[in-house]
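Here is a short report for a reader new to this structure. Start with the view below, then read on.

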Amino acid sequence: MLIRKAPDIAPSEITPESIYRQRRQFIKGLAAGSALLMSGPAAALSGSAREDEGLRATGPEWLQKKLEAATASTEFSTAEKLTPFEHVTSYNNFYEFGLGKSDPKAYAQGLRTDPWSVEVSGAVHKPGRYHLEDLLKGVDLEERIYRLRCVEAWSMVIPWVGFPLASLLKRFEPTGSSRYVAFTTLHDPEQMPGQRSRFGTIDWPYVEGLRMDEAMHPLTILAVGVYGSALPSQNGAPLRLVVPWKYGFKSIKSIVRIHLAEQMPPTSWNRTAPQEYGFYANVNPAVDHPRWSQSTERRLPSSLFSPNIIDTQPFNGYSEQVAHLYSGMDLNKWY
Ligand SMILES: Nc1nc2c(c(=O)[nH]1)N[C@H]1C(S)=C(S)[C@@H](COP(=O)(O)O)O[C@H]1N2
Ligand SMILES: [Mo]
């Protein structure tokens, strides 16, 4: 069952996605079959890694091992067509590395992501500074194929590899008074040219937050990988949040601090333009941005001749799972 490159496939047809798809099929087959074959996926992965060498990010060995053991979540994944690896990793918003969509890929490659530690503070019984490796000890990684809808009205379908934020928060034992979770991105102007600019709109570091029930929701994950490999720096390595029913700016990258709070924490885009970006930022086609409509989106890849415009769904298509969190709230007011 080893995956081999068939001799009749042109090299140009071998994309990271096709390799990735094959690998997923392989893993699924394995899960359905005998557990005795469990040494398979690692072999398949390294066998196919040659084709996209240079594109994939490699993390520390302990992370590589975990990524290879990741299982595909059927319960939480969409079957929609994946946005190609190339687009997921070259069309990014990461203002710490510049305002242009191609800036993060161009300028984030030197970001030092290992070793990495996360400070856990606030209303928890077990605060402290934890090495990423320790945070992931005993955690099983899962693949979640989610839609990502940016507030700028474009979207992608991305196969993240991560784990529920809830499982991590529980380990720190939140106290009864924790009502919100606040996240902070690395602040390091030496490594992040966007933080050196005096013309930036954001007051660094980038901060985000969730209400406790949002943070504990099973769809909310922390991602450490994408397309079966470690996160590239431009996607928020080595640890980023993914909240699929909210606009993309909630999904904060390169997290160094998780703080449990009693009060609603400040969030970067809300602080920058409160009339345009709220704390909740749930995807909502019925509430337009003051400067553009939110009723449709460009599903990437999109081009002038093939714009691929689709309707935007309430809660980005996750209403069934999350709408109850906001029952009784006026979503025009709490945008
Ligand atoms: N620290 C930080 N996190 C961030 C951003 C940012 O500029 N800085 N941009 C956000 C926005 S607007 C979006 S749409 C997503 C994009 O994630 P991606 O580049 O992995 O697709 O990251 C979010 N997280
Ligand atoms: Mo965004």
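## Terms and model

Buried means under 20% relative accessible area, exposed means over 50%, and partly exposed lies in between (1.4 Å probe, protein chains only). Helices (H or I, at least four residues) and strands (E, at least two) are DSSP runs, numbered from the N terminus.

This is a predicted model, in which local features need pLDDT of at least 70, side-chain atom pairs count only at pLDDT 80 or more, and totals for chains, interfaces and linings use all residues. Residues are numbered from 1 along each chain as its sequence is written, chains are lettered from A and ligands numbered from 1 in the order in which they are written, and side-chain values use heavy atoms, without hydrogens and water.

## Helix α3

Helix α3 covers residues 61–68, and W62, L63 and L67 are buried there. Seen down the helix axis, these buried residues fall within an arc of 135 degrees, so they line one face of α3. The arc is taken from the directions from the helix axis to the C-beta atoms. The face turned away from the buried side carries exposed E61 and K65.

## Annotated binding site

An unreviewed UniProt entry places a "binding site" at ten positions, among them Y95 and T185. UniProt positions follow the numbering used here, feature names are shortened, and annotations may be inferred rather than shown by experiment.

Y95 sits in the loop between α4 (85–88) and α5 (103–107). Y95 is buried, at 19% relative accessible area. Contact means heavy atoms within 4.5 Å. Beyond residues up to four places away in sequence, Y95 touches E152, G194, T201, I202, W204 and W269.

T185 belongs to strand β6 (residues 180–185). T185 is buried too, with a relative accessible area of 1%. Apart from neighbours within four places in sequence, its contacts include F94, E96, I252 and K253.

## Salt bridges

A salt bridge is a side-chain nitrogen of Lys or Arg within 4 Å of a carboxyl oxygen of Asp or Glu. The whole structure holds 15 of them.

E80 pairs with R147, with the closest N and O atoms 2.6 Å apart. E80 lies in the loop between β1 (71–72) and α4, and R147 in strand β4 (residues 142–149), so the pair ties together parts 67 residues apart in sequence. E80 is partly exposed at 26%, while R147 is buried at 13%. A salt-bridge network links E80, R147, R149, E297 and R299.

E214 and K246 form another salt bridge, at 2.8 Å from N to O. Both E214 and K246 are buried.
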